[in-house]
Amino acid sequence: MKPVIGFAGLTHLGLVSALAAAAKGFRVIGYDSDAARVAEISARRFPISEPELGEIANNVGDLISYSSGLSALRDCHTVYISTDVPTDDNGASDLSGIGALIEQVAVVLSPHASLVILCQVPPGYTRSVRFPAERLFYQVETLVFGVAIQRALQPERLIIGCAEPTRALPEPYQAFLSAFGCPIMPMRYESAELCKISINCCLVASVTVANTLAELSESIGADWSEIAPALRLDRRIGPYSYLKPGLGIAGGNLERDIATVLRLAEVQGTEASLLNAFLINSAHNRDWVLRILHQEVLDLQPQASLAVWGLAYKENTHSTKNSQALALIACLWPWPIRVFDPVVPAAAAAHPALAGARDALDAARGADALLIMTPWPDFKDIGPHDLSKVMKGDVIIDPYCVLTPAVVHAAGLRHFFRGARHGLDRELVNA
Amino acid sequence: MLDHLNSVAANPPRVVVIGAGGFVGGAILTRLAQAGANVVGLSRKQVDLLAENGAASLLDHLREGDTVVFVSAVAPARNSHQLIQNLQMAEAACKAMSQKRPAHLIYVSSDAVYADEANPVTERSVLQPSSFHGMMHAARELMFKAQVPVPLAILRPTLIYGARDPHNGYGPNRFRRQAAEGKDVGLFGEGEEQRDHVFIDDLAEITRLAIVHKSRGILNVATGTSTSFRAAAKLAVVISGNNSAIKGSPRQNPISHRHFDIVDSLKSFPAFNYVPLREGMQRAVQAEAS
């Protein structure tokens with residue numbers, strides 16, 4: 001008989017992981033103390049936005065059930081703790097919620113069930129949890145908003161923190177993990193906890209390299225989009241490395257891990273100045289749009305009106321936590337703005353003269369400059385020729401290069417994106 | 001970054017500019033008066049902060065609840081004696097202001113507080129002065145912060161140019177005067193170093209904005225655009241209409257550059273625009289001619 005898997009905490013992580021478990025053919029119980037949330041999810045009205053979410057929910061049918069009663073977890077063989085661990089302004093984790101949840105769940109668990117911490121905790125946390133060590137595990141999650149389902153169904157590997165890595169995993173837990181058909185990597189709790197952080201530090205390092213050299217490319221007439229593919233073909237760098245330039249690191253989880261390493265390094269006296277450099281670089285890149293906007297539009301046209309596409313913190317999500325668009329809009333209070341986001345309502349932005357538009361083209365109507373702050377796939381379908389007809393000005397600030405530069409140029413618009421400044425090569429020759 | 005305690009800009013009841021006899025203080029006084037502020041300027045004639053009764057003398061001119069702009073300095077401080085003089089002046093001012101507390105204090109410091117190699121400079125760059133002048137400003141910032149417990153705005157201007165600058169230091173002011181007189185414009189090396197030059201009127205306006213918004217925190221006062229000394233010299237010659245030659249000289253020091261990232265300024269005062277170097281130099285020529 002296949003083991004029954006429980007998830008305590010129907011967060012973005014919890015819900016996606018639970019659906020993925022059911023999709024692998026396991027019976028799954030999803031628990032959350034918020035009865036209203038459970039009712040919505042049971043009715044397949046999901047509080048999160050992910051591609052294929054609805055489809056998977058339909059496919060798994062009755063294999064998954066949800067409850068706001070803890071006792072529902074009683075018959076589970078393995079229960080994941082999948083609550084959110086909030087962070088403060090300094091990126092420090094507030095662990096009081098997860099601690100309380102673990103205590104509640106431990107009370108109802110059957111004597112042989114395993115408890116697996118799936119949320120992000122600082123190194124040392126799992127070993128401090130009061131629960132029989134041979135049944136307590138920490139599993140690294142690598143949730144990526146917007147591609148969460150795909151990653152949950154097809155993980156590259158499963159990293160399992162154990163009290164004793166040489167001891168076999170409990171049979172039901174092993175059976176469940178094996179269903180994912182990827183390497184299972186048991187290691188010490190502390191190693192697994194630091195492994196999660198190490199992965200994120202490597203990602204941040206790549207992003208920081210990309211942003212640093214993309215900015216330089218913009219100044220010297222190089223084009224980062226020509227450079228990055230060459231790097232990806234280098235075996236030491238790799239095809240999936242994070243080399244797409246953007247607006248710094250964002251989302252909160254990467255910042256949390258950097259803060260954790262800095263805190264640990266301070267306590268232990270190890271050298272970690274690189275991580276401070278990541279933060280400084282990220283803060284600088286975050287304001288890229290604001291700089292270009294002032295330089296190309298606002299300093300020259302004090303009466304400018306602006307259009308913003310995208311409020312979500314990234315594409316395919318409803319989340320506005322750490323949204324670059326909202327942070328930018330807060331710095332633009334003297335200028336009227338029209339906004340459009342496929343999911344997030346305009347009311348999410350605080351601004352004295354902000355109006356929501358019915359669609360992307362409508363938002364751009366009459367604007368001196370268009371700022372594409374979230375790379376939603378829908379925006380790729382908007383023709384620059386249509387934009388040039390409705391816009392008053394000719395400036396498109398598109399950090400993620402959602403629109404195609406040649407087409408934007410052909411439409412008579414000026415296109416500013418990360419990694420290159422087209423036209424600069426000619427200026428350099430003429431200088 | 002500055003944060004604004006006044007959500008709506010408003011002139012305070014009274015502004016006292018300490019150091020109003022100087023190039024910077026005078027420009028701030030003029031700008032505030034133009035903008036309708038009730039402003040009092042104190043120069044060394046009214047208050048000598050280095051005198052034995054410096055603190056008491058300043059106290060006589062202050063009222064509780066004033067907005068105080070502190071610009072007074074023996075500048076640039078080139079040696080330890082001048083460093084200590086400047087600290088004595090700040091000490092006298094701290095003493096007076098701890099007895100009659102202002103409602104708001106603005107200290108005009110300098111970008112010399114930052115490390116020479118801090119590029120691009122932001123308000124979060126590390127303080128690591130390499131000169132007496134920079135060390136003096138860093139110490140005075142700390143004195144005001146620690147000893148005058150009121151909202152404090154620290155403004156850190158970079159190289160300032162404009163009409164009636166008495167220093168005539170290497171840069172746009174000297175260049176335009178040399179060019180106006182038809183003399184050769186002299187460069188150190190080939191003038192490769194890039195610097196950010198800020199027009200005096202911009203510093204005066206930023207100070208006024210910080211006053212009316214009752215801002216606190218730190219703000220660099222720089223345009224965000226750096227220009228080589230050679231390019232500034234070329235501008236000076238073009239503006240003068242003369243045919244002055246621009247002449248390099250054997251280089252004594254390695255080339256260094258300074259750039260500013262001014263996003264904090266864009267966020268603190270979004271509608272404020274810095275005057276570009278060419279326009280500022282033209283305005284300085286016109287102002288000096290009139």
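Helices (H or I, at least four residues) and strands (E, at least two) are DSSP runs, numbered from the N terminus. This is a predicted model, in which local features need pLDDT of at least 70 and side-chain atom pairs count only at pLDDT 80 or more, while totals for chains, interfaces and linings use all residues. Residues are numbered from 1 along each chain as its sequence is written, and chains are lettered from A and ligands numbered from 1 in the order in which they are written.

**Exercise 1. Find the helix that holds Arg256(A), and decide whether Arg256(A) is buried or exposed.**

Step 1: Arg256(A) has its place in helix α10 of chain A, residues 253-268.

Step 2: A residue is buried if 20 or more other C-beta atoms lie within 10 Å of its own, exposed if 12 or fewer, and partly exposed in between, with C-beta atoms placed from the backbone. Arg256(A) has 21 other C-beta atoms within 10 Å, so it is buried.

Step 3: Now look at its contacts (two residues are in contact if their C-beta atoms, placed from the backbone, lie within 7 Å). Leaving aside neighbours within four places in sequence, Arg256(A) is in contact with Thr87(A), Gly91(A), Ser93(A) and Gln120(A).

Step 4: Asn200(A) is 56 residues from Arg256(A) in sequence, and their C-alpha atoms are 9.7 Å apart in space.

**Exercise 2. Work out the strand order of the open sheet of 8 strands in chain A, and say which strands stand at its edges.**

Step 1: Two strands pair if DSSP finds at least two bridges between them. The order is β3-β2-β1-β4-β5-β6-β7-β8, with mixed pairing.

Step 2: At the edges stand β3 (64-67) and β8 (184-188) of chain A, each with a single partner strand, so one side of each has no neighbour in the sheet.

Step 3: On average, neighbouring strands are turned by 25° against each other, direction ignored. Such angles run from 0 to 180 degrees between N-to-C directions, and axes are lines fitted to C-alpha atoms, for helices over the stretch in contact.

Step 4: Helix α7 (171-178) of chain A packs on this sheet, touching β1, β4, β5, β7 and β8 of chain A, and its direction makes about 70° with that of β4(A).

**Exercise 3. Name the residues that touch the most other members of the largest nonpolar core.**

Step 1: A nonpolar core is a set of buried Ala, Val, Leu, Ile, Met, Phe, Trp, Tyr and Cys residues joined through C-beta atoms within 7 Å. The largest has 144 residues, and Leu370(A), Leu371(A) and Val17(B) touch the most other members.

Step 2: Domain 2 (197-285) and domain 3 (287-430) of chain A each give this core at least three residues; the domain bounds come from an automatic or database domain assignment.

Step 3: Another core, of 59 residues, lies apart from it and includes Leu15(A), Val16(A), Val28(A) and Leu73(A).

**Exercise 4. Count the residues that chains A and B bring to their contact.**

Solution: 7 residues of chain B are in contact with 11 residues of chain A.
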